[in-house]
Amino acid sequence: MDFKGEIADKAAKITKKIELYLPKEEGFQKTIFSAMNYSVIVGGKRIRPMLMKAVYDMFEGTSEAIYPFMAAIEFIHTYSLVHDDLPAMDNDEYRRGQKTTHAKFGEAMGVLAGDALLNYAYEIALKAFEVDSSNKDAIIKALKVLTQKSGVYGMVGGQVVDVESEKTSNSVITREKLDFIYRLKTGALIEASMMIGAILANASDKDVDYIEKIASKIGLAFQIQDDILDVVSTFEELGKPIGSDEKNNKETYVTFEGIDKSKEDVQSITNEAIDLLHSFNKNDKFLEDLFVYLVYRNK
């Protein structure tokens, strides 16, 4: 099996694990359950839970407590996409080649589905205490990372600055502000994923900090590649409308640096992350290959 096949196999296994935590579609609020489940199941590369598990394995973690957190990070990521697609945000009707949640269920249900997934993520993460009651300190530390990285000091904070920096808001975006947006909007959840993997495997504080630095670089390279794909890819390949950034008057890394320099920077930043990863002197071949796969993806 080639690496792309290995990734697809791991993603399928992660999806099966995640499905175990999804709500049953029943009761008077059945519609919200249907919208939540649709949002999570329709496509998705499971990058964040895959990164979490890869770091967990690298530090030789053995507890089942990792699985609630893998589901939680995917639910939070999905909620962010559901809200990003809303008319008030990017106003996209397709993602992963399928109708977006608000396009299928209506705008109000799109808002509520995102809200529900965010809250439900924390419900699921708390199940880790039931799975591994002997590792409470690590679980608490992981919860702190999960909440901070997804909130106003993390992903949401980045989204706020991103929205306010659109040209239509008469706000001039600087390179410093763009770096801030990328570090929080995209990088924060990738950092959370990898840090939680290390924390739950009882890695040292120093190692967790180091993992955060590596994840920050991968998050930046990942977002730059996303900017590149928004310009050079196609709807069929990307599974969502291309040119969204230009349509929404957004400045991107490509706007500042151009396509060629952006591609060069993706490569150099990824190599820096891999060099830092090697400093652990652990069995990190899969994680290294995953980094390369993620930042050189075509969709």
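**Close-up views of the predicted model**

**View 1. Glu257 and Arg175 are joined by a salt bridge, with their closest N and O atoms 2.4 Å apart.** The pair connects distant parts of the chain, since Glu257 belongs to helix H14 and Arg175 to helix H10, 82 residues apart. A salt bridge here is a side-chain nitrogen of Lys or Arg within 4 Å of a carboxyl oxygen of Asp or Glu. Helices (H or I, at least four residues) and strands (E, at least two) are DSSP runs numbered from the N terminus. Glu257 counts as partly exposed because its relative accessibility is 28%, and Arg175 is partly exposed as well, at 27%. Buried means under 20% relative accessible area, exposed over 50%, and partly exposed in between (1.4 Å probe, protein chains only). The model is predicted: local features need pLDDT of at least 70 and side-chain atom pairs pLDDT 80 or more, while totals for chains, interfaces and linings use all residues. Residues are numbered from 1 along each chain as its sequence is written, and side-chain values use heavy atoms, without hydrogens or water.

**View 2. Within helix H14, Asp265 and Lys261 form a salt bridge.** Their side chains meet at 2.9 Å, N to O. The two residues are four positions apart in H14, about one turn of the helix. Asp265 counts as buried because its relative accessibility is 11%, whereas Lys261, at 34%, counts as partly exposed. Elsewhere, salt bridges that share partners join Lys149, Glu191 and Glu212 into one network. The structure as a whole holds 14 salt bridges.

View 3. Lys53 is partly exposed, with a relative accessible area of 21%. Asp57 is also partly exposed, at 39% relative accessibility.

**View 4. Phe75 and Tyr120 form a stacked aromatic pair.** A search of the whole structure finds six aromatic pairs. In this one the ring centres of Phe75 and Tyr120 lie 5.8 Å apart and the ring planes stand at 25°, so the pair is classed as stacked. Phe75 is part of helix H4 and Tyr120 is part of helix H6 (residues 107-125), so the contact ties together parts that are 45 residues apart in sequence. Rings of Phe, Tyr and Trp (its six-membered ring) pair if their centres lie within 6.5 Å; planes under 30 degrees apart count as stacked, over 60 as edge-to-face and the rest as tilted. Phe75 counts as buried, with 0% relative accessibility, and Tyr120 is buried with a relative accessible area of 16%.

**View 5. Tyr210 and Phe280 form an edge-to-face pair.** The centres of the two rings are 5.7 Å apart and their planes are at 90°, so the arrangement is edge-to-face. Tyr210 lies in helix H11 (residues 205-232), and Phe280 lies in the loop between helix H14 (253-278) and helix H15 (285-295); the pair links distant parts of the chain, 70 residues apart. Tyr210 is partly exposed, at 29% relative accessible area, whereas Phe280 is buried, at 12%.

**View 6. Lys10 lies over the face of Phe286, a member of an aromatic cluster.** The cluster is formed by Phe3, Phe286 and Tyr293. Lys10 lies 4.7 Å from the centre of the Phe286 ring. A charge sits over a ring if NZ of Lys or CZ of Arg is within 6 Å of the ring centre and within 35 degrees of the ring normal. A further example is Lys17, over the face of Tyr67 at 4.2 Å from the ring centre.

**View 7. Glu60 has a positive phi value.** Phi of Glu60 is near 65°, a positive value in a residue other than glycine. Glu60 is located in the loop between H3 and H4. Glu60 is exposed, with a relative accessible area of 65%.

**View 8. Asn202 likewise has a positive phi.** Asn202 is a residue other than glycine, and its phi is near 65°. Asn202 sits in the loop that runs between helix H10 (175-200) and H11. With a relative accessibility of 52%, Asn202 counts as exposed.
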